[in-house]
Amino acid sequence: MAFLTLGAFLLTLGVAMKVYAYDRLAVVPKDQNTQQVLGDDNANFFDADNVAPGSGPISTVATVIGDPDLASEASDENDGADIGVFTKGQSTDNNDQAPPIDFLEQTFAIDRFTGEAVPWSGSSQNGEPIEFEGQIIKFPFNTQKKSYEYWDATIKAPMTMEYEGTEKVEGTDGSIDTYRFFGSVPETEFGVREVPRGIFGLEDTNAVEATRTYANERTIWVEPETGVMVKIQEAQKQWLKLDEPGAEDVVAMDTVSASTPETVQATIDDYGSKVGVLKAVRTWLPLAIGGLGILFIVVGIALAVRFRGNRDADVNDDAYATA
């Protein structure tokens, strides 16, 4: 009887682990607070401090903070779906002095398992309402070897990230296996900026509104079990253009910025141990526990049949002796 009870318990536990435990483990924390730092030691850019072209090291710092209260509001708007709401602040600069070369602030809602943007009335980018699409801060748990749509904040639209292969990414004191995704944005107009007319090689230095264009080749290394973006690289170019005779295009940004080794290592430290747990719960652990449960049930049944057979034999022997 003990074998049957234990077997039934293990079988139930295996099923519950597969059906319920994984769904509770494979979600983005609503109060997540993370930071990514990208750097390039040899960038060309439009120096906002001096209002002139510049060159040298730049860094991009992106901080993501979750808001559980707003997550509840977004969930109510989406019929109780499991949603997280996050604010992302991102700043690119060549020094720590205002103004930065570029600044971005987003507030968005995502599905806590897939990481995909979901509709929400509070979504905004740089203070303006917007409807996000695709992945924003992570890929799905159990990321697949396929293409995904990824939000590009500059063009305010999703771009396609194609799966390219597997690759081990190194940190400062360790490594992690990843899927590598690549996508590109062709040169695209995305806004205007007021600058001195003289930067275009023209004599008059009065302020003019220049067209801003942007192109990017983006590579993202994703740990597939968690969907975490371990490393990001952006080969980005921006130009300032003036539609006047003799005006020369001005490089506003020319960089190959990538996640720093310290950022990569921090991600490995934070998520490395979770990879094995998630994979075990998703794949072999429920099968192993359930299989052990079935084994105990079979043994229990076999012992019960044998016990009953022995008892019947004893009864027959007693009956024969009495006769």
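This is a predicted model: local features need pLDDT of at least 70, side-chain atom pairs count only at pLDDT 80 or more; totals for chains, interfaces and linings use all residues.
**Entry 1: the start of α2.** Next I went to the N-terminal end of α2, which is capped by D67. I found a side-chain oxygen of D67 at 3.1 Å from the backbone nitrogen of D69.

**Entry 2: the two sides of α2.** Which residues of α2 are buried? I looked through residues 68–77 and noted A71, A74 and S75. Looking down the helix axis, I saw that the buried residues of α2 fall within an arc of 105°, so they line one face. On the other side of α2, I found D69 and D76 exposed. I also checked what covers the buried residues of α2, and the cover includes β3 (83–93) and β4.

**Entry 3: the largest core.** I then turned to the nonpolar cores. The largest has 18 residues, and I listed F86, F108, F132, I136 and I137 as those with the most contacts inside this core. Strand β4 (102–111) and helix α3 (261–282) each supply at least two of its residues. Which element gives the largest share of this core? That is β4, with three residues.

**Entry 4: around I137.** Leaving out residues up to four places away in sequence, I137 touches V64, F86, K88, F108, I110 and M229.

**Entry 5: another core.** I came across a second, separate core of 14 residues. Among its members I noted Y150, V185, Y214 and M229.

How values were computed: Residues are numbered from 1 along each chain as its sequence is written. Side-chain values use heavy atoms; hydrogens and water are left out. A nonpolar core is a set of buried Ala, Val, Leu, Ile, Met, Phe, Trp, Tyr and Cys residues joined through side-chain atoms within 4.5 Å. Buried means under 20% relative accessible area, exposed over 50%, partly exposed in between (1.4 Å probe, protein chains only). Helices (H or I, at least four residues) and strands (E, at least two) are DSSP runs, numbered from the N terminus. Contact means heavy atoms within 4.5 Å. The arc is that of the directions from the helix axis to the C-beta atoms. A polar contact is a pair of N or O atoms within 3.5 Å; within protein, one must be able to donate a hydrogen and the other to accept it, and residues adjacent in sequence count only if both atoms are side-chain atoms.
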